[in-house]
Amino acid sequence: MGLGDIGDGISGNGKTIVFTSLVMIIIFIAVSTLVFFLSLESAEQVMVPSVVGKDLPEALLELQARELYPRIQLRYSQKADEKGLILEQDPSPGAIVKGGKRIELVVSQGIVIDTVQNYIGENIETVQEQIKEQFTSASRQYLQVKLPYLTQYSPEPAGTILEQNPAPGTPISSNMELTFVVSNGTEAETTVVPDFLNVNLKKLYQMMPQTAITLHFTAAADMAETAGMSGTGELTVQKQNAAAQSKVPVFSPVELTVALPPAAQGSVSGILKATLAAFPYPFTVSLYAEAPGSDKELLTSFRHPGGSCSIPYTVPEGTRLSLEVLNKEVYSETVGANTAE
């Protein structure tokens with residue numbers, strides 16, 4: 001065999017090796033591609049869990065257990081103790097997806113407010129509601145107002161915050177208490193007594209939020225007679241112990257005698273009586289009524305210094321009457337014919 005024949009043999013074998021290698025590579029790629037797509041087709045389907053409201057570590061464990069993976073976005077929220085909680089998720093809970101899918105999570109960074117604000121000059125009731133909304137949840141409270149408030153007379157309107165501690169700009173820490181000094185108004189402040197005579201219940205409810213006196217109500221001795229004298233057959237004011245247009249110190253007690261109408265089918269009139277806690281200055285008290293089968297309704301509101309409180313009503317029998325202070329119920333009673341004055 002000559003050198004030429006040997007060269008031809010090597011050349012032929014090289015071509016065979018190259019061709020075989022190319023075939024093997026093509027087969028390997030085809031098999032790999034087939035396996036990849038088969039694995040995608042056969043990926044286990046899982047239900048997306050509900051993780052909104054949960055801590056981030058707890059949410060990650062739940063997703064990991066279902067072979068789901070998070071994509072996290074951070075966002076400020078409205079409450080301090082939401083920090084680290086899941087605010088939103090996508091897909092929504094209950095969705096059926098394949099294992100390995102990315103779940104979008106929006107995680108709270110907490111609130112932007114991280115220092116004590118300047119509340120001096122603001123109304124204490126407004127501030128207390130604001131703090132309750134921003135810093136309180138069902139589980140814990142980061143910032144709260146210390147009760148009772150310290151009060152003093154000043155030229156500022158009653159309820160105005162004069163001093164605060166900690167000072168504005170102090171970093172907020174868990175369970176911090178704010179101490180306020182609140183204005184009682186001027187010591188010699190007076191107000192004009194309105195004319196309540198012959199005013200019916202609807203008009204009385206409209207006048208009460210505008211008055212700066214403390215009203216106490218009693219029922220007329222002869223209810224049927226006085227109701228008839230009013231000529232309206234409805235609850236009306238018959239007497240007041242302070243003359244209309246006279247000047248009295250603010251939130252002085254003024255007694256009103258009301259004529260209660262005769263009992264009517266399905267309705268009842270009377271005077272709701274309660275003893276409230278003593279307030280550092282007159283708080284807004286709201287009267288609500290919830291008749292059987294009806295929604296809760298605001299009847300009127302009025303400022304009151306606390307202690308003995310009374311207010312007349314005419315409502316359907318079985319109505320639940322309630323008094324609220326700073327959005328918190330402080331007294332309730334269900335009235336019927338046997339509860340009327």
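Author: A patch here is built from residues with over 30% relative accessible area and no salt bridge, and nonpolar side chains are joined within 5 Å. Keep in mind that this model is predicted.

Reader: Which residues make the nonpolar surface patch?

Author: Phe-19, Val-23, Met-24, Ile-27 and Val-31 make it. The patch covers about 480 Å².

Reader: Where is Phe-19 placed? Is Phe-19 buried or exposed?

Author: Phe-19 sits in helix 1, which spans residues 3–41. Exposed means over 50% relative accessible area. Phe-19 has 58%, so Phe-19 is exposed.

Reader: Now the rings. What describes a pair of aromatic rings?

Author: Two values: the distance of the centres and the angle of the planes.

Reader: How many aromatic pairs are there?

Author: The count is four. One of them joins Phe-279 and Phe-283. Their centres are 4.9 Å apart, with 15° between the planes, and the pair is stacked.

Reader: What kind of pair do Tyr-281 and Phe-283 form?

Author: Planes over 60 degrees apart count as edge-to-face. The planes of Tyr-281 and Phe-283 stand at 80°, so this pair is edge-to-face. The ring centres are 5.2 Å apart.

Reader: Are Phe-279, Tyr-281 and Phe-283 buried or exposed?

Author: Buried means under 20% relative accessible area. Phe-279 is buried at 17%. Phe-283 is buried at 6%, and Tyr-281 is buried at 4%.

Reader: Which residues do the ring pairs link into a cluster?

Author: The cluster holds Tyr-149, Phe-279, Tyr-281 and Phe-283.

Reader: Which residue lies over the face of Tyr-288?

Author: Lys-296 does, at 4.5 Å from the ring centre.

Conventions:
Residues numbered from 1 in each chain as written. Predicted model: local features only at pLDDT ≥ 70, side-chain atom pairs only at ≥ 80, totals over all residues. Heavy atoms only, no water. Patch = residues over 30% accessible without salt bridge, like charges linked within 9 Å, V, L, I, M, F, W, Y side chains within 5 Å. Areas by Shrake-Rupley, 256 points an atom, 1.4 Å probe, with all protein chains shown as cover. Salt bridge = Lys/Arg side-chain N within 4 Å of Asp/Glu carboxyl O. Helix = DSSP H or I, 4+ residues; strand = E, 2+ residues; numbered from the N terminus. Buried < 20%, exposed > 50% of the residue type's maximum accessible area, 1.4 Å probe, protein only. Phe/Tyr/Trp six-rings, centres within 6.5 Å; stacked < 30°, edge-to-face > 60°. Lys NZ or Arg CZ within 6 Å of the ring centre and 35° of its normal.
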